[in-house]
Amino acid sequence: MTNASRRALLGLCLAASLAGSSVATMGCSTLGPKGSEPDGLPHNGTGPYRDLDADETAVRTPSGAAISIGGTTIDTAMVASDGSLFYASATVTARPMPDAGPLDDAGVALDAGVALDAGTPDAGPAVVRLPGPDWSQHEARSVHRSAPRPPTGLTYGAHSPGFEPGTEILTASQAWEGSFVTDPWALVRGDGSVLLYYAAEGGIGVARASSLDGPYETESAPVIAAHDDAVPRRPSVIDTHLLTGASHPYLMYYEESGVIRVAGSSDGVAFAPIASLTLPPMPARDDRDGAELAVGGPAAIVVTTPASRSIVRLYYESRRSNGNVLLTLAASSDGASFEAFGRPVVEERDRRFPSPAVIDERISLLYQWSPEGPGTSEGTIFVGVAPGGVRLAPEM
Amino acid sequence: MHHDATHALSVRAARVLALAILALGASGLSLATAARVSAQPMDTYGMGSRSVAMGGAVTADVEDFSANYYNPAGLARARAARIGIGYFGAFHEMSVDDLDSNIDPLRGIVLGLVVPGEIEGVRFAFGLGVHLNDDYISRTRSLPGRRPRWELYDNRPRRIFLAAHLAIRPVEWLTIGGGISFLSYSTNTLAIRGNLDILMPERRSHLEHEIRADLTTIRYPQVGVQVQPLPELSFGAVYRGQFALDNKLQALVGCEVPDDPFCTTSLSFTGFGDPFPGYFSLLSQAVNAFVPQQISLGGSWSPTPDFRLNVEVTWVNWSAYVSPVGRSDITLRIAVPESLRDMIRVPESIMGSSPQPALFQDRFVPRIGAEGVILRERMVEMRGRGGFFYENSPVPNQVSLTNLIDSDRFVFSLGLGLRLSDLRPLLPGFIQADFHFQYSLLPERVMTKTSLVDPVGDFRASGQIFAGGATIEVGFE
């Protein structure tokens, strides 16, 4: 319909409407053009994160994974500021049999977070098995780095969200580390030097390198040591110079005994524990969510909002009484007192070890361990994007 | 003789009174009947090229058909019957966080007429003004409550406007006018029926939908006065009534009572054995567009016959604004068979929304406009015009649940008028062509949220609007 004829029809409809004639207006059932939609709306990193597909990550097996290596289980991963992926992985030594029965080592203290004590003093401990690899079936874990791929054909971002298998950069070498290193977290400083935090049997350590390419030299002692039965895990360190009111130039968030703790440092190497974070339990949406028993797996990132204020987004696991894990978020302006989001940022209930990366003010990625997918031994790393309507590759 | 004169005077007075009652009564009557009416495009973009070019500062100085919006009292100043028609367009470049908000352009016809007359020496005039958009009679958008939207520009102007006014000039220095403006709005019902396949919804579902929109008119009053104590000096005042568009959207999927023989929206879920019924109801009631009551006071000074300067200020009662985030009630019922209840979970209740206070603030809009003769020949006169007005945003910082986007607005306008007169015997009157260009600058505004985990978060908004148009009027003296 041309504008002229549409206008004429609208005029007739208006006249009929003014005359109050419902019969005459019956003929006016014409629809105007569909209204335009904005190119994008503001988003604050609260999800829900949509898993990228194979076209977006260029990883086909399993489809849409951020990285996949045959015969190898990927543990935790994080993306450094240059787009490199740091991850811990181990080769499978023996595949668990389907009829092997329940595992009896689910509660080993060496890998905090795998299992939780959901029991009561009267009833005795009842171990809640959380999703996660069985590391007793693997070689020792080590840390790898995978360089970023060029963003061929991508609509957003400087680097591809998918990665090729990387090279090993860190293995257990110090006595306190025991047999493995895992949970890498790379912090690139202004001069290009790198502090690589990681977890091992004796606590959390740091390795230094003059550049992302290494070599990485570890310290002879952990920066946060295990004590009694508590083994610190999953370090995440931020540079606080953009924050208002931060107590230290560097803050480390880590998991210990089912809570998230924060430690401070003036040089990024020597850390002193400050406190445990006060995070209200995330309520269940329905009976599938269960109740929160513990939190862990923190991963923090400093972002600057469109209002030019810098805040810390802390993604973490809410571990539930029925064995599910919900990934959620809290935020802070000083790095110490956090406001909890109170809802999951990922729909799935079996994702773990979140790690954020920011593409711009609106678009963020969340790398997560997932047990899904053929071709993986016991899970690999997937990556989600928020807002979910954003595609990182051109429409086919 | 004295008796006749008294009688003649009383008859004249009665007729004047009758005209005054007609002029004012229409608006008085409409005050009682116009509880709910709709937004209008003229509040944002103006009406008629001459008036827009002068920044809209014409409350004390208008006599063409745009008086139907700016001040109906000006109709009685017209000495010739005038018929005008014009075309207008506005194009938006609005962005949020540097992303284009894609506000649709607004284009349409403006037209109107002014028919003056005289009864017993008392001049009066009837006026009609129409704004007819190209694309819509009325557009309704029901957006999620938290979704950011340019509140004053996205949907509000997309209405038809029609105004009918009557004005009288009981004495040479005074004109009074009033009347009713009409706008269109709609009530919409969406009904969906059919089969929805759970396993392959896109390929094996068969759904039909029906949209029913009832177009209704709504009315609001407008009354104005112009006082001209000296030939070179004029003052004007106008009152425009408040109105709000009550937008009701109802969506029905399935039958509330299964197997209801009168239900035409049956919905079945298939793909898992025997089909089972479902029912979804959404009732959304919100104020889709609101225009606050306004009072404009203006003055016009013409120190020479070739130059005119207009100033005015408008009070806009935005504090009465009703939030567009309205009430919504959602019902979902699916009779899931026992065997599928582990796979298909139906929430016990779905939380709707409740109105959030908008907390808008009143504003005063200063306007200034000028007009000068550029060229005057025997049959031709060309006038140049310019204007400016400033609107501070009535929208408060969006710190919490709502995300109504707005910014201050600086509006600059330019125009040109060409008048051909002494056209007899071709035309016993004149032809006037007016053109205008209007530029609006909406400087960047930053909204900072109280909550650090607000899903929308902080945002920046800014924009520009380019508008223009032309009007041709023919006057019959």
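Residues are numbered from 1 along each chain as its sequence is written, and chains are lettered from A and ligands numbered from 1 in the order in which they are written. The model scores ipTM 0.84 and pTM 0.82.

Still in chain B, select residues 1-9, where pLDDT stays under 50 and the model has zero contacts beyond four places in sequence, a contact being two residues whose C-beta atoms, placed from the backbone, lie within 7 Å. Then select residues 21-38 of chain B, where pLDDT also stays under 50, although here the model has 51 contacts beyond four places in sequence. Where pLDDT is low, the predicted coordinates should not be read in detail.

Now show chain B as a cartoon, which has five helices and 21 strands; helices (H or I, at least four residues) and strands (E, at least two) are DSSP runs, numbered from the N terminus. Of the contacts in chain B with a separation of 6 or more, 72% are between residues 24 or more positions apart. Buried residues make up 46% of its 477 residues, where buried means that 20 or more other C-beta atoms lie within 10 Å of the residue's own, exposed means 12 or fewer, and partly exposed is in between, with C-beta atoms placed from the backbone.

Next pick B:Cys255, in the loop between strand E10 (243-254) and strand E11 (267-270) of chain B. Why is B:Cys255 classed as partly exposed? B:Cys255 falls in that class because 19 other C-beta atoms lie within 10 Å. Draw a distance from its C-alpha atom to that of B:Val238, 17 residues apart along the chain, and the separation is 52 Å.

Move to chain A and select strand E20 (residues 325-332), where eight of the eight residues are buried. A:Val325, A:Leu327, A:Leu329 and A:Ala331 point one way from this strand, while A:Leu326, A:Thr328, A:Ala330 and A:Ser332 point the other way.

A:Tyr315 stands opposite A:Leu329 in E20(A). The two strands E19(A) and E20(A) form a hairpin with four residues between them, and A:Gly323 in the turn has a positive phi of about 90 degrees.

Strand E21 (residues 339-340) of chain A runs antiparallel to E20(A) and is joined to it by two bridges, with A:Ala340 as the bridge partner of A:Ala330. Six residues separate E20(A) and E21(A) in their hairpin, whose turn includes A:Gly335, with a positive phi of about 85 degrees.

**Chain A: a further hairpin**

Select strand E22 (residues 352-358) of chain A, in which six of the seven residues are buried. E22(A) pairs over five bridges, in the antiparallel sense, with strand E23 (residues 364-370) of chain A, and A:Arg352 has A:Trp369 as its bridge partner in E23(A).

Technical notes:
This is a predicted model: local features need pLDDT of at least 70, side-chain atom pairs count only at pLDDT 80 or more; totals for chains, interfaces and linings use all residues. Two strands pair if DSSP finds at least two bridges between them. pLDDT is the predictor's confidence in each residue, from 0 to 100.
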